[in-house]
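Hi,

Here is the structure I promised to pass on. Have a look at it first, and then read on for what turned up.

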Amino acid sequence: MRTEKRYLVPGDYMADPAVHVFDGKLYIYPSHDWESGIAENDNGDHFNMKDYHVYSTDDVMNGEIKDYGVVLSTEDIPWAGRQLWDCDVAFKDGKYYMYFPLKDQNDIFRIGVAVSDTPYGPFIPEENPMKGSYSIDPAVFDDGDGNYYIYFGGLWGGQLQRYRNNKALESAILPEGTEEALPARVARLREDMMEFAEEPRAVVIIDENGKPLTAGDTERRFFEASWMHKYNGRYYFSYSTGDTHLLCYAIGDNPYGPFTYQGVILTPVVGWTTHHAIVEFKGKWYLFHHDCVPSGGKTWLRSMKVCELQYDADGKIITIDGTDE
């Protein structure tokens, strides 16, 4: 499907949008790309982000996009090493909780929490990362019943292959071929939103025959960039396939899954990574994502954009063309 798209912050490089509606306004929590001069590699060292901005709007396609400036930076975080990647924010009992991945001083990704009294920060980080946290791309889902779930994980530079059953391995193992693909993780959050309430579980994606997707099924298996939304009572787990550059989704009947693969949300964009958020605002659904068109294809300098998202009568997402500019 060809659809109108809007670049949201043309004056800066923003990527990996997490998006929520708080107090009737739409808030966007992106990563902040910049030219750090680090060479590209498969570990993603060239994605050397060091702070977060927050944006808001009342009108997604045409309204002013307000920039609240820097709300958290690596200098603020006591346990910081480097690389402040994709974050997300959740609201509970008058407080806003930002969940962010950051390498510690041993270059191991952990997930930290920072708290604010407002959706636009500033966010004050905790002294230490969440216990038992690892890998990248946290996405927090409020199920509306008092339970909040955090999804996380990413391959290659995201370090997910360094773990099995929530324990660090002696050396990384990446499944291949017909072996089951490495799944994202999900855990319910503790009442105070500061820690996992349980051991993280596998987010299993199955095919039409009920079999878990394999590592060799690179156009369907999970790579990174988890997002969760609910539509007509069903749970839509969406994600990036990474090295095949697709946004895909799978549907389940509870927050833990399993999730049955459904199809492609967005075909490849200009640039390597694809990362997104799906949200309803004022009666319409939107897909927030990014590409590298404004930077001339520099994959570490990405620009955030948005378009409408549509479902068919069966609740299937209608595939969007990623390069229809």
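Before the details, one cut-off: a residue is called buried when its relative accessible area is under 20%. Also keep in mind that this is a predicted model.

**Aromatic pairs**

With that cut-off in hand, Trp85 and Phe109 both come out as buried. Going through the whole structure for aromatic pairs gives 27 of them. One is Trp79 with Phe100, a stacked pair with 5.9 Å from centre to centre and 15° between the planes. This pair ties together distant parts of the chain, 21 residues apart: Trp79 is in the loop between β5 (66-73) and β6 (82-84), while Phe100 belongs to strand β8 (residues 95-103). Trp79 and Phe100 are both buried.

Trp85 and Phe109 also pair up, but tilted, at 4.8 Å centre to centre and with 45° between the planes.

You'll find Tyr120 in the loop between β9 and β10 (124-125). Is Tyr120 buried or partly exposed? Its relative accessible area is 35%, so Tyr120 counts as partly exposed. If you skip the neighbours within four places in sequence, Tyr120 is in contact with Tyr27, Val54, Tyr68 and Val71. For orientation, Ser31 is 89 residues away from Tyr120 along the chain, and their C-alpha atoms are separated by 15 Å.

**Charges over rings**

The charged end of Lys50 sits over the ring of Trp34, 3.9 Å from the ring's centre. Arg201 lies over the face of Tyr256, and there the distance to the ring centre is 3.6 Å.

The largest pocket holds about 440 Å³ of space. Its lining has 21 residues, and those closest to the centre are His20, Phe141, Asp142, Met228 and Val279. Which strands each supply at least two residues of this lining? They are β2 (14-22), β7 (88-92), β11 (139-142), β18 (224-231) and β22 (277-281). By type, the lining of the largest pocket splits into 15 nonpolar, 2 polar and 4 charged residues.

The second largest pocket has about 340 Å³ of space. It is lined by 23 residues, with Gly44, Phe47, Glu224, Trp272 and Thr273 nearest its centre. The lining of the second largest pocket divides into 8 nonpolar, 9 polar and 6 charged residues.

**A loop threonine**

Last one: Thr241, in the loop between β19 (234-240) and β20 (247-252). Why does Thr241 count as buried? Because its relative accessibility is 0%, and buried means under 20%. Not counting residues up to four places away in sequence, Thr241 touches Thr218, Glu219, Arg220, Arg221, Phe223, Leu246 and Cys248.

Cheers

Key
Residues are numbered from 1 along each chain as its sequence is written. This is a predicted model: local features need pLDDT of at least 70, side-chain atom pairs count only at pLDDT 80 or more; totals for chains, interfaces and linings use all residues. Side-chain values use heavy atoms; hydrogens and water are left out. Helices (H or I, at least four residues) and strands (E, at least two) are DSSP runs, numbered from the N terminus. Buried means under 20% relative accessible area, exposed over 50%, partly exposed in between (1.4 Å probe, protein chains only). Contact means heavy atoms within 4.5 Å. On a 1 Å grid over the protein atoms alone, a cavity is a set of points where a 1.4 Å probe fits but cannot get out, and a pocket is an open set with protein on both sides within 12 Å along at least five of seven lines; lining residues have an atom within 4 Å of a point. Grid points are joined across faces, edges and corners, and a volume is the space filled by probe spheres set on the points. Ala, Val, Leu, Ile, Met, Phe, Trp, Tyr, Cys and Pro count as nonpolar, Asp, Glu, Lys and Arg as charged, and the others, Gly among them, as polar. Rings of Phe, Tyr and Trp (its six-membered ring) pair if their centres lie within 6.5 Å; planes under 30 degrees apart count as stacked, over 60 as edge-to-face and the rest as tilted. A charge sits over a ring if NZ of Lys or CZ of Arg is within 6 Å of the ring centre and within 35 degrees of the ring normal.
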